[in-house]
Amino acid sequence: MLRVNRVHHPVTALGPGTRLGIWLQGCPLACPGCMSRDTWDPNGGTDVPIAELVALWRRAVAAGADGLTVSGGEPLEQAEPLARFLDEARAVGGDQEPDFLLYTGFELDELDVTRRAVLARADAVVTGRYQVALPTGLLWRGSANQQLIPLTDLGRDRYAAYTDFVVDHPPIQIAVDDERLFVIGVPPPGALPRLERALRDQGIAFREVAWRR
Ligand code: SF4
């Protein structure tokens, strides 16, 4: 079982190609300026059986997914079930040889054996806490301290060109379900409050937002 905040496919703003995105619930790191405060509470979200997530992954692969992105929250707070899920997801295979990208707020030297075991199952990792004082144009990252580190041959093949890649406008997706609007990607500082104001001017007001709680 994994505690999940949300799942989305296709994700095109967090990693190369089209991807299944899984946001895990629970984060103790409390970075000031975090845009995903709805993921902090470890009791929030929903318990999802690993078999159900593998089924979603299998469906995404059948639809041509290039990879899996696991974010949060802090995914390594659920290291053991996450490692089990990644093993089962890897066994699905896929014609496109899908890659696994993991986000963590931890630095590599903070990881214990259990958490390192998750990295051993990923092709690339983005490390480090979000630091609001270090805005960046680095692709797929929220602040300049965060590193994109390829971990496998597949990871080097897909990600080595992007470790220092800077963009003028970060890729952003908007997704909606019955109740929520999600911003997928890493919006630049101030973008979300601007979006909130623009929608309010059009008569659309949010009941609550994940970047201000
Ligand atoms: S930015 Fe990431 S690591 Fe930092 S508090 Fe938010 S979810 Fe946790």
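Figure 1. At 12% relative accessibility, Ser36 counts as buried, where buried means under 20% relative accessible area, exposed over 50% and partly exposed in between, with a 1.4 Å probe and protein chains only. The model shown here is predicted, so local features need pLDDT of at least 70 and side-chain atom pairs count only at pLDDT 80 or more, while totals for chains, interfaces and linings use all residues. Residues are numbered from 1 along each chain as its sequence is written, and side-chain values use heavy atoms, with hydrogens and water left out. Ser36 sits in the loop between E2 and strand E3 (46-48); helices (H or I, at least four residues) and strands (E, at least two) are DSSP runs, numbered from the N terminus. When its neighbours within four places in sequence are set aside, Ser36 is in contact with Gly72 and Ala210, contact being defined as heavy atoms within 4.5 Å.

**Figure 2. The whole protein chain.** The protein chain has five helices and nine strands, and from the N terminus on its elements run β-β-β-α-β-α-β-α-β-β-α-β-β-α. Its radius of gyration is 16 Å, close to the 17 Å that the globule rule gives for 213 residues, so the chain is as compact as a globular protein of that length; this radius is taken over C-alpha atoms, and the rule is 2.2 Å times the number of residues to the power 0.38. Of the 213 residues, 48% count as buried.

**Figure 3. The largest nonpolar core and a second one.** A nonpolar core is a set of buried Ala, Val, Leu, Ile, Met, Phe, Trp, Tyr and Cys residues joined through side-chain atoms within 4.5 Å. The largest one holds 35 residues, of which Trp57, Leu68, Leu82, Phe85 and Leu102 touch the most other members. Among the elements that each supply at least two residues of this core are strand E1 (2-11), helix H1 (50-62), strand E4 (67-71) and helix H2 (79-92). Beyond its neighbours within four places in sequence, Leu68 has contacts that include Leu20, Ile22, Trp57, Phe85 and Leu101. A second, separate core of 17 residues includes Val11, Leu14, Leu139 and Phe182. In soluble globular proteins, nonpolar side chains tend to be buried together.

**Figure 4. Thr163 and the residues it touches.** Thr163 is placed in the loop between helix H4 (153-159) and strand E8 (172-176), and at 21% relative accessibility it counts as partly exposed. The C-alpha atoms of Thr163 and Leu139 are separated by 8.0 Å, although the two residues are 24 residues apart along the chain. Leaving out neighbours within four places in sequence, Thr163 is in contact with Leu138, Arg141, Leu148 and Pro150.

**Figure 5. Backbone details.** Most residues other than glycine have a negative phi, and most peptide bonds are trans. The peptide bond from His9 to Pro10 is cis, with omega near 0°, and Pro10 is found in strand E1. The bond from Gly72 to Gly73 is also cis, with omega near 10°, and Gly73 lies in the loop between E4 and H2. Glu97, in the loop between H2 and E5, is a residue other than glycine with a positive phi, near 45°. Trp140, in the loop between strand E6 (124-127) and strand E7 (147-150), has a positive phi of about 70° although it is not a glycine, and Trp140 is buried, with a relative accessible area of 7%.
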